[in-house]
Amino acid sequence: MSTVIIQAEPTQIEVELNETALIVIDMQKDFLQHGGYGESLGNNVDLLSRTIAPLQEVIKVIRDKDMLVIHTREGHLPDLSDCPATKLTRWPKGRRIGEQGPMGRILIRGEEGHGIIDEVAPLPDELVIDKPGKNAFYKTNLEVILKERGIVNLLIAGVTTDVCCSTTVSGANDRGFNAIVLADCMAAYDESRHKAALEIIKAQGGIFGWVTDSQKLFHALSKAA
Ligand code: TIU
C-alpha cells in the first residue's frame with residue numbers, strides 16, 4: 001500500500017496508488033494529425049500537439065510505478081452498424097465518418113487514422129478500449145475492468161478536453177470513481193473551451209472531479225513509499 005497526496009483544484013486529493021489508473025483518451029491520428037476526423041470537422045489539429053511531451057512523461061512514470069494504464073480509441077465498425085445516423089450525417093458529404101481520407105476511412109477501426117500516435121503508443125500488454133461514443137463508459141466494458149481491479153481513482157489525460165475527456169469525467173463521477181484531470185496532458189481544439197471544461201469539472205467544490213497537472217503528479221509520486 002502506498003498513499004500519496006496530489007495537489008489539485010479545488011482541493012488536494014489523497015490516493016492509494018494500487019487503486020489508481022491512468023486513462024489516456026483517444027490520442028489517435030484521427031484527432032491529432034492532418035487528414036483525420038478532427039480536421040474533417042473543421043478543427044486546427046495542431047492545437048492538440050502540446051499534450052504529447054508531458055503525456056509521454058506521465059505514461060513513463062506511471063509504468064515505472066507498475067500502475068494500470070488504459071488507452072481508449074473512438075471509432076466505428078467498418079459497416080458503420082455502431083454509428084448513429086445523427087453522427088454520420090451531421091456534416092457535409094466528403095467530411096463524414098467512414099469516408100476515405102488520407103489516413104484511410106475516417107474514424108473506422110483498423111484504419112491508419114484510428115490508430116494511437118506513435119509517441120504514446122500502448123505497450124502490447126496494455127488495455128485498449130474501443131468505444132463508439134465520446135464517453136469511454138458508453139457501450140464498453142471499462143467500468144467492469146476498473147472495478148475488477150479495485151480501481152477507485154482515475155488520472156485522466158488525452159483529447160479533447162471538452163468532448164471525450166469531459167464526458168468520460170462525468171461518466172466516471174456517476175459510477176463512483178474519483179476523476180483527476182491532468183490539464184497539461186489534455187487539450188481542446190479551442191483554448192477557451194479547454195479552460196471552460198476544466199472550470200466546470202472543478203467548480204462547486206469539485207462537482208465532477210479534480211484538476212491537476214503532470215508536475216504536481218510527479219511531485220506526489222516522488223513522495224511514494
Ligand atoms: N475524442 C474526442 O474528443 N472526440 C471528438 O470528436 N472530439 C472533438 O473535439 N470533436
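Where is Q28 found?

Q28 lies in the loop that runs between β3 (20-25) and α1 (29-32). The model described here is a predicted one. In this model Q28 has a relative accessible area of 0% and is buried. Although Q28 and A8 are 20 residues apart in sequence, their C-alpha atoms are 27 Å apart in space.

When residues up to four places away in sequence are not counted, Q28 touches T72, R73, E74, G113, H114, G115, I116 and I117.

K29 belongs to helix α1. Its relative accessible area is 15%, and because buried means under 20%, K29 counts as buried. Apart from neighbours within four places in sequence, K29 is in contact with M103, E112, G113, G115, I116, I117 and D118. Several of these residues are also touched by Q28, including G113, G115, I116 and I117.

K131 is part of strand β7. K131 is likewise buried, with a relative accessible area of 0%. The side chain of K131 makes a polar contact of 2.8 Å with the side chain of D26. With neighbours within four places in sequence left aside, the contacts of K131 are D26, T72, R73, E74, G75, R109, A136, T140 and C164. Among them, T72, R73 and E74 are touched by Q28 as well.

Which residues of helix α8 are buried? Helix α8 covers residues 214-222, and its buried residues are S214, L217, F218, A220 and L221. Viewed down the axis of α8, these buried residues fall within an arc of 160°, so they line one face of the helix. In general, an α-helix has 3.6 residues a turn, so residues three or four places apart point the same way. The face of α8 that is turned away from the buried side carries Q215 and S222, which are exposed.

The cover over the buried residues of α8 includes the strands β1 (3-6), β8 (153-159) and β9 (178-187), together with helix α3 (52-64). At the N-terminal end, α8 is capped by D213. A side-chain oxygen of D213 lies 3.1 Å from the backbone nitrogen of Q215, a residue of the exposed face.

## The pairing of α6 and α7

How do the axes of helix α6 and helix α7 cross? Helix α6 spans residues 161-174 and helix α7 spans residues 191-206; their axes come within 10 Å and cross at roughly 15°. The two helices are therefore roughly parallel to each other. The crossing in which α6 passes α7 is right-handed.

The contact is made by T161, D162 and V169 on the side of α6. On the side of α7, the residues in contact are R193, H194, A197, L198 and I201.

## Cis peptide bonds in loops

The peptide bond from E9 to P10 is cis, with omega near 5°. P10 lies in the loop between β1 and β2 (13-16).

A cis peptide bond also joins V159 and T160, with omega of about -10°. T160 is located in the loop between β8 and α6.

## Positive phi angles at exposed residues

D66 is not a glycine, yet its phi is positive, at about 60°. D66 is located in the loop between α3 and β4 (68-74). Is D66 buried or exposed? With a relative accessibility of 73%, D66 counts as exposed.

K139 also has a positive phi, of about 55°, although it is not a glycine. K139 is found in the loop between β7 (127-131) and α5 (142-148). The relative accessibility of K139 is 64%, and K139 therefore counts as exposed.

Definitions and conventions. Residues are numbered from 1 along each chain as its sequence is written. This is a predicted model: local features need pLDDT of at least 70, side-chain atom pairs count only at pLDDT 80 or more; totals for chains, interfaces and linings use all residues. Side-chain values use heavy atoms; hydrogens and water are left out. Buried means under 20% relative accessible area, exposed over 50%, partly exposed in between (1.4 Å probe, protein chains only). Helices (H or I, at least four residues) and strands (E, at least two) are DSSP runs, numbered from the N terminus. The arc is that of the directions from the helix axis to the C-beta atoms. Contact means heavy atoms within 4.5 Å. A polar contact is a pair of N or O atoms within 3.5 Å; within protein, one must be able to donate a hydrogen and the other to accept it, and residues adjacent in sequence count only if both atoms are side-chain atoms. Axes are lines fitted to C-alpha atoms, for helices over the stretch in contact, and angles run from 0 to 180 degrees between N-to-C directions. Angles under 35 degrees count as roughly parallel, over 145 as roughly antiparallel, 65 to 115 as roughly perpendicular and the rest as oblique. A crossing is left-handed if the near helix is turned anticlockwise from the far one by less than a right angle, and right-handed if clockwise.
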